[in-house]
Amino acid sequence: MEIPVFGIEDQSDRPDSGLSYSTNTIYNEPPKHTHTYYEFFVVTEGSALHLINDSVQTIQKGDFFFIRPSDVHCYNFYHSENFHKLNLGFTQQIFRSVSLFFDRTEKMSLLTSPEFPPSVRLDDAQLDRVVSLMNEADEYLHNANPLHTRYHVQCILAMFFEEYFFTYDTELPQKVPSWLTGLLAEMQKLENMQEGYRRMCRLAPCSPNHLCRTLKHFYGMTPTEYINEQRLNYSVYLLTQTDLDILDICDACGFSNLSHFYHLFRRKFGCPPLQFRKGREKACTDP
């Protein structure tokens with residue numbers, strides 16, 4: 001299936017062109033797509049599944065993402081009735097202008113080169129600040145002088161990079177080890193998630209015992225629990241977006257035992273997979 005590509009209107013005679021602001025819920029999200037532009041988005045309420053670059057992750061209130069033109073993504077149901085997010089999009093030309101302002105080509109490349117888009121989890125105060133700045137950008141886009149708008153919104157973009165996405169050597173020593181962050185990103189890939197624990201141990205630069213202790217310390221779960229979480233998230237996508245039968249979904253997610261899949265799914269979502277699918281279909285057809 002061809003993936004749609006979305007762009008932002010960029011008129012050279014309008015200084016404020018090349019910028020966009022939108023608010024979205026799970027009910028008005030587009031299908032899997034990519035962009036010709038960059039965007040920041042922040043989740044302000046609820047949670048959803050985020051399908052990004054052939055991986056699936058759960059996102060929730062406070063998650064703040066920097067999406068690049070190369071990223072392919074969409075959103076799907078995950079207790080999502082109250083899911084809400086804000087988007088601030090900007091063209092590649094504006095991104096270059098912000099990059100020149102920083103004169104930090106190395107730091108910017110650390111944000112644009114990884115396979116998965118950078119993200120951070122905001123606390124309540126940080127979330128309030130990001131939402132306030134995004135709404136301020138929207139106010140400028142609708143009411144301010146175009147030239148003033150472009151300069152002011154570029155300042156907001158610069159603040160987002162500087163305050164939330166640049167890292168410095170003064171960070172606390174309890175930061176999640178970079179090897180673990182990279183490993184979990186690898187395990188979001190479908191082929192690694194499907195093979196599961198054995199693949200995770202092969203990819204880890206440490207013993208299985210050290211992996212288990214470290215993951216438990218920082219994320220409160222064992223490797224097997226983490227892998228099952230990713231598999232269940234992916235099963236929700238397959239249940240709601242495909243016509244695959246339950247046995248094929250079980251196999252596609254990497255579960256070797258159908259009854260074990262049913263047990264984990266019911267424990268997490270409160271109902272068996274087929275009932276979950278029918279409930280989602282009904283929610284989408286009800287007025």
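**View 1. The end of helix α10, where Gly-254 has a positive phi.** Just past α10, Gly-254 takes a phi of about 100 degrees, on the positive side. This is a predicted model, so keep that in mind for every view here. At the other end of the helix, where α10 starts, Asp-245 holds a side-chain oxygen within 3.2 Å of the backbone nitrogen of Leu-247.

**View 2. The two faces of α10.** Helix α10 runs over residues 246–253, and its buried residues are Ile-246, Ile-249, Cys-250 and Cys-253. Looking down the axis of α10, these buried residues fall within an arc of 100 degrees, so they line one face of the helix. Leu-247 and Asp-251 are exposed, and they sit on the face turned away from that buried side.

**View 3. Phe-160 in the largest nonpolar core.** This core has 32 residues, and those touching the most other members are Phe-40, Phe-64, Phe-66, Phe-90, Met-134, Phe-160 and Phe-161. Strands β2, β4, β7 and β9 and helices α1, α2, α3 and α4 each supply at least two core residues. Helix α4 brings the largest share, eight residues. Zoom in on Phe-160: skipping its neighbours within four places in sequence, you'll find it in contact with Phe-40, Phe-64, Leu-88, Val-130, Leu-133, Met-134 and Phe-165. A separate, second core holds 23 residues, including Ile-249, Phe-261, Phe-269 and Cys-271.

**View 4. The largest pocket and its lining.** There's about 1,800 Å³ of space in this pocket. Of its 41 lining residues, Pro-118, Ser-119, Val-120, Thr-181 and Tyr-219 are the closest to the centre. Elements that give two or more residues to the lining include strands β6, β7 and β10, along with helices α2, α4, α8 and α9. The top contributor is α5, with six residues.

**View 5. The buried side of α5.** Here the helix that gives the most to the pocket lining shows its buried residues: Leu-180, Leu-183, Leu-184 and Met-187. Around the axis they cover an arc of only 95 degrees, which puts them on the same side of α5. What do the buried residues of α5 pack against? Their partners are α6 (190–195), α7 (197–203), α8 and α9.

Conventions
Residues numbered from 1 in each chain as written. Predicted model: local features only at pLDDT ≥ 70, side-chain atom pairs only at ≥ 80, totals over all residues. Heavy atoms only, no water. Buried < 20%, exposed > 50% of the residue type's maximum accessible area, 1.4 Å probe, protein only. Helix = DSSP H or I, 4+ residues; strand = E, 2+ residues; numbered from the N terminus. Arc of directions from axis to C-beta. Polar contact = N/O pair within 3.5 Å; in protein donor to acceptor, adjacent residues only side chain to side chain. Core = buried A, V, L, I, M, F, W, Y, C linked by side-chain atoms within 4.5 Å. Contact = heavy atoms within 4.5 Å. 1 Å grid on protein atoms, 1.4 Å probe; cavity = no way out; pocket = protein on both sides within 12 Å on 5 of 7 lines; lining within 4 Å. Points joined across faces, edges and corners; volume = space filled by probe spheres on them.
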